[in-house]
Amino acid sequence: MGRDKHALITGFFLIVFVAAVTAIIYWIGHFERERNIYVVSTRESVSGLNPESTVFYRGIAVGKVINIMFDPNDTGIILVPIEVDKNIVFTKGVYATLRLKGVTGLTQIQLEDSGKIPDVLPPGDNPITRIPLVPSLTDKLMNSGEELLHKADHLMVQLSSLLNDENAKNIGDILANLKTLTSKLSDVQKNVDKALAGIPALTSDTRKTLANINALTHDLQGLTRDVQNLSIKAGKLADTGETAGYLLMQSTLPKINQLLSELNATTQQVKRTATMLNNNPQALLLGPGQRGSGPGEPGYQEPK
């Protein structure tokens, strides 16, 4: 009997000791750490999220999940109360997503702030101040998995109809044509290589032609200078001819005209003298006889 009593006291002491140690550890863990309570709400699934799951804010652990429950007023809404260090201040632009915890399949809450609403979010379970849980990138991919599978199935059907016997034959013909085209392109490339091989000789000829053109240009420049000199001399000659013509017109020609007039008068006189001598040679010794009166002159007598 005494032995059983001793064992009972020992067991009771161990239970009290373990409870006291647990309480001390819990108290030490929460010593001087004040936390605010916020509520995350969502209509989506929260698979893998458990109480005591860690809450992160911008990648830093700031709290944990207290509980997971349905909204008493609307069972379509899931409420997740969380406690966050009191020195963390959220704005009304904060939102939550679920992040996977390694390969365990468990999830944790990740809080982010969009910065669109700078007003401070007060703690508490107020429907207005609840933090919305939005689908993460992984959730969006998982939700769109069925649609992706449907599109993949539709694509496989289209590929199956595309790769029928007739189309397979057409594809074979296309490949054969591509092979022929490749062979022709190879021949074209060889011809191009030959043409490119002749380019250096063509370049040499071109350089010679350019040298000849340069020489011809130099000769043309010399000829142009000679023509310019000739033009200058011709201009001077024209000026000299113009001056000579002016002198000829102003002095020489009037003298020639006067000389010709005198020569004409002398010629007429000589002609009259010759006519007189021809008609009356004696006039050279006796002088010219007196000419008879003409009609209407004094002493004129009409012949009888």
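So, Phe90: at 0% relative accessibility, this residue counts as buried, where buried means under 20% relative accessible area, exposed means over 50%, and partly exposed is in between, with a 1.4 Å probe and protein chains only. Before I go on, this is a predicted model, so local features need pLDDT of at least 70 and side-chain atom pairs count only at pLDDT 80 or more, while totals for chains, interfaces and linings use all residues. Residues are numbered from 1 along each chain as its sequence is written, and side-chain values use heavy atoms, with hydrogens and water left out.

Back to the rings. Rings of Phe, Tyr and Trp (its six-membered ring) pair if their centres lie within 6.5 Å; planes under 30 degrees apart are stacked, over 60 edge-to-face, and the rest tilted. That rule gives 2 aromatic pairs here. Strands, by the way, are DSSP runs of E with at least two residues, numbered from the N terminus.

Then there's Tyr57 with Phe90, also edge-to-face: 5.0 Å between centres, 80° between planes. Tyr57 sits in strand S2 (residues 54-57), 33 residues from Phe90. Tyr57 is buried too, with a relative accessible area of 13%. Put together, Tyr38, Tyr57 and Phe90 form one aromatic cluster.

Okay, salt bridges. We mean a side-chain nitrogen of Lys or Arg within 4 Å of a carboxyl oxygen of Asp or Glu, and the count is 7. Which residue does Glu83 bridge to? To Lys64, with the closest N and O atoms 3.7 Å apart. Glu83 is in strand S5 and Lys64 in strand S3 (residues 60-65), so parts 19 residues apart in sequence get tied together.

Now look at Arg130, which meets Asp71 in a salt bridge, 3.2 Å from N to O. Arg130 is in the loop between strand S7 (107-113) and strand S8 (131-132), and Asp71 is in strand S4 (residues 69-71), so that pair ties together parts 59 residues apart in sequence. Both Arg130 and Asp71 are buried. Asp125 also bridges to Arg130, at 3.4 Å between the closest N and O atoms, but Asp125 is partly exposed, with a relative accessible area of 48%.

Technical notes: Helices (H or I, at least four residues) and strands (E, at least two) are DSSP runs, numbered from the N terminus.
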